[in-house]
Each structure stands twice: as structure tokens, then as C-alpha cells.
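Please open the model in the viewer and follow the selections below in order.

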Amino acid sequence: MGRQSWHILEEDLTGTALPNDLRVRDPNDAIDCGWVAQMVWALREFSQPGDRVLDPFCGFGSTLVACEEEGRAGFGCDIDPERVAICRERLRRRGVTDPQVVIGDARDLPYPNDLFDLCLTNLPYFGFDSRPQSPTAGDIYASPSFAQYLELLSQACRSLRRVLAPSATVIIMAENIRLRSGVFVPLAWEAARILAQYFELQEERILCYRKPSAPAATSTHTNRSHEYALVARQRQTRVDIETARTTLLDLAGRAPFVVIGSVAVELFAPGKLGRAPRDIDIVVDSNSEHLEQLVLALQRLGFIVTSWGEPVQVPLDANQLQGRFYLRGERLSRSGERLLIDLTYESTISFTTLWTNSRTVCNGISVASMRHVLDLMRLANKDDVPELAARLGIPV
Ligand SMILES: C[S@@+](CC[C@H](N)C(=O)[O-])C[C@H]1O[C@@H](n2cnc3c(N)ncnc32)[C@H](O)[C@@H]1O
């Protein structure tokens, strides 16, 4: 297949379909099982032979069959134990002796950091209500509202970001749908919005299926015979420390905050981080007047400020911010330079503790103590903490 922005899929690859005796083991007759051909072009274009490929919603294993066909190391996770059993059996029949498929929740992926080169998956759809058994907690199919569906998806993206290598690509296949009631749900577009909160969007491909576009007999019936492959990658942002310093100095007069994360290390002990920081992290108090001053200052500096992807405007609504932990500012310059700043107002270590205990002021900018910076990095599962602690001369 070429590198055009659309692909036409005529039929699935011969001999790769889910065998019938396995299909009937699923109470829904595996109605949501995808095609292997749907995944093969993506593997060829976005991975190399031998790469580790994860499908966090692997279902009956179409992605893993495609991996086996293309010589990639496929790993699958699904919340439904029966589907995992079917998937393993399908792969064994194809000669895979030790299928790497686990029962698990995509929101808390059971893998070490940075393991995978590619995530390739088909989303569980909103409104799929055909599962007869009582759903497992966390089953995205069981989301009672679209808001909850998007929240679960967001949690899965957060977990995914941790297990993907810094250079990894993410490809999510998603369709817009129409519920049985007739209501149109722009699921693919919302999924792209969520994906963009965690990854850098690259492009979309459109997959067209040459098959009748008859509504499926499920709650999420659709007249569509096309879907999107949303392509993103781990954020490649590199913060220029001088730009970070100038930005932080601009904010410093507006409201109190402490810098944490990799920029804190670079400001406190230049060169010890061993790499360029990816974004700026600050902890602020939850006083809404202070937060508003910082939001206004960021907007004046050309940042778009959002809370979980939704634009934020002043005056802030304190009730709406509760439980959402942080605001994000993102600035894209006309030369393509991107700068991210996260303002955490509900931090695991409180603002008061960070502000009052051993903070240092580096050229007018308050930096949290390195002990706190390392503790927060450890809590966020950053894996280079022991090495960094050694470079800073702090015993762990
Ligand atoms: C569209 S199906 C995937 C089908 C798969 N692409 C195939 O061709 O066989 C989505 C899958 O997501 C799973 N799922 C739903 N919530 C999940 C969660 N929180 N973690 C992992 N899997 C989940 C469902 O059990 C379902 O098998």
C-alpha cells in the first residue's frame, strides 16, 4: 500500500479470519472483531521487523495476528478474560507457542516503562451494550455516559504514554458512530482530542471498506464503511532552558509557584539532568485569584491554556477545576517551536510543603528542594530517578 492518506480495504487477508469455533465462544459472535488487513499496512509503514507492538484493547487478537504475519513482536492486553483465552488460542493455532496476551486494564498497563515501539489498536466503542454478563470495573464498553467513556479513554492514554518508548508511535482506529436512538456521536474526533492531550498528533488516515454499509445489529449501529486511523507519537518537545527561564521570570511576579520536574533540576544544577527537559512543571496554590493571574500572564505570552483539553477562560470556576489536578499551557510559535507548561494546583506533595520546606530561589525563580523534585518524579513513575539522584549526590 502506498503512502496516500486513505486506504481501501477490499477484504481481509486470506486465512487470517477468526475461526468460527472461536467466534461462537463469544456471546456477541465477535461482532466487534476487526480485520487483520486493517492493521497490516500500519505495521509496514510505522514499525520495523522485530519491533515490540502493543494492542491495549486486543480483543480477539487481530493486531497480534498481523504482527505474527509481519514479523513484529505482538503484545496484547484485554479486560475480558474469555476474549484473552480466545485470542491466545487463535495465536497458538497459528504456531505462536507463547502468546504474549494478558488479562488487564488498559488504564493500568502491566508493563515496564518505555517498552513498546508502537501501539496499534481499535478502540472499544461507546454504547456497545451487547455484553450479557455483568461488566468488570473499568470495562470501557460499560461506560454509562459519553463523559465517563472519554475519562476512561483519557486514563488509558496516560498509562499508554508510560509504557511507550520516547520515539514510539500510537495508532488508534476509531469511527464516528450513531447510537440506536439516532444520535450521532463524533467519537473519532473526540478520541483525537484526547490523544492530543498526551501525544503529538501526526496525521489521520481514512480506511474505506468495500463492503455493504448496513447497520450492525448492536446498539452502536452505523451506516459507515470508513474509519479513521489516528496517528500520533510521543511528544518530541525539548525545552530550551533559556526560554523556560524567561517564561518563568515573566510569571514570577504574578503569583507564588515552585518549579518541579526536569526544569527544576536544570535550574538548580545545570547539566545534571543529562538531557533536555521536555516541559515545564510548576506547582501553584489552589487560590483561584493566583491561578487566574498565572492564566492571564500565560495567555499574554501566547499560550493556549486548557484543562484536560478544554479551553480555560478567566474568571475560573473553582468547582469545575476541582479534581482535575492541573492546567496546561501550550505555545506554538510560527517557527514550529512548541513549549508546554503544566500548572499543578492539586499536587501529591502540597504547594505549602513545597513552598515552605527547603525551596531555593535560583535567579528569581523558586525551585522545590531536589529531594521533593525526586520524590515527585518517582511518584510519576519516571524511571531515571536513581541515576539522577546519584548525579545530584542525594541518597535514595
Ligand atoms: C473493538 S474491541 C477490539 C477488537 C480487536 N481489535 C480485534 O480485532 O479482535 C475493544 C476491546 O476493548 C476491550 N476493553 C474494554 N475496556 C477495556 C479496558 N479498560 N482495558 C482493556 N481492554 C478493554 C474489550 O473487552 C474489547 O475486547
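**First stop: a loop proline**

The model is a predicted one, in which local features need pLDDT of at least 70 and side-chain atom pairs count only at pLDDT 80 or more, while totals for chains, interfaces and linings use all residues. Residues are numbered from 1 along each chain as its sequence is written.

Pro135 sits in the loop between β5 (116–122) and α5 (146–163); helices (H or I, at least four residues) and strands (E, at least two) are DSSP runs numbered from the N terminus. Leaving aside residues up to four places away in sequence, Pro135 touches Tyr141 and Ala142, contact being C-beta atoms, placed from the backbone, within 7 Å.

**Second stop: a helix pair**

Select α12 (residues 370–379) and α13 (residues 385–392), which pack at an angle of about 170° with axes 10 Å apart. The two helices are therefore roughly antiparallel (angles over 145 degrees). Met370, Leu374, Met377 and Arg378 of α12 meet Val385, Leu388, Ala389 and Leu392 of α13.

Finally, select the ligand and its 23 surrounding residues, of which Gly34, Phe57, Gly59, Phe60 and Ser62 are the closest; the criterion is a C-beta atom, placed from the backbone, within 6 Å.

Definitions and conventions
Axes are lines fitted to C-alpha atoms, for helices over the stretch in contact, and angles run from 0 to 180 degrees between N-to-C directions. Angles under 35 degrees count as roughly parallel, over 145 as roughly antiparallel, 65 to 115 as roughly perpendicular and the rest as oblique. Two residues are in contact if their C-beta atoms, placed from the backbone, lie within 7 Å.
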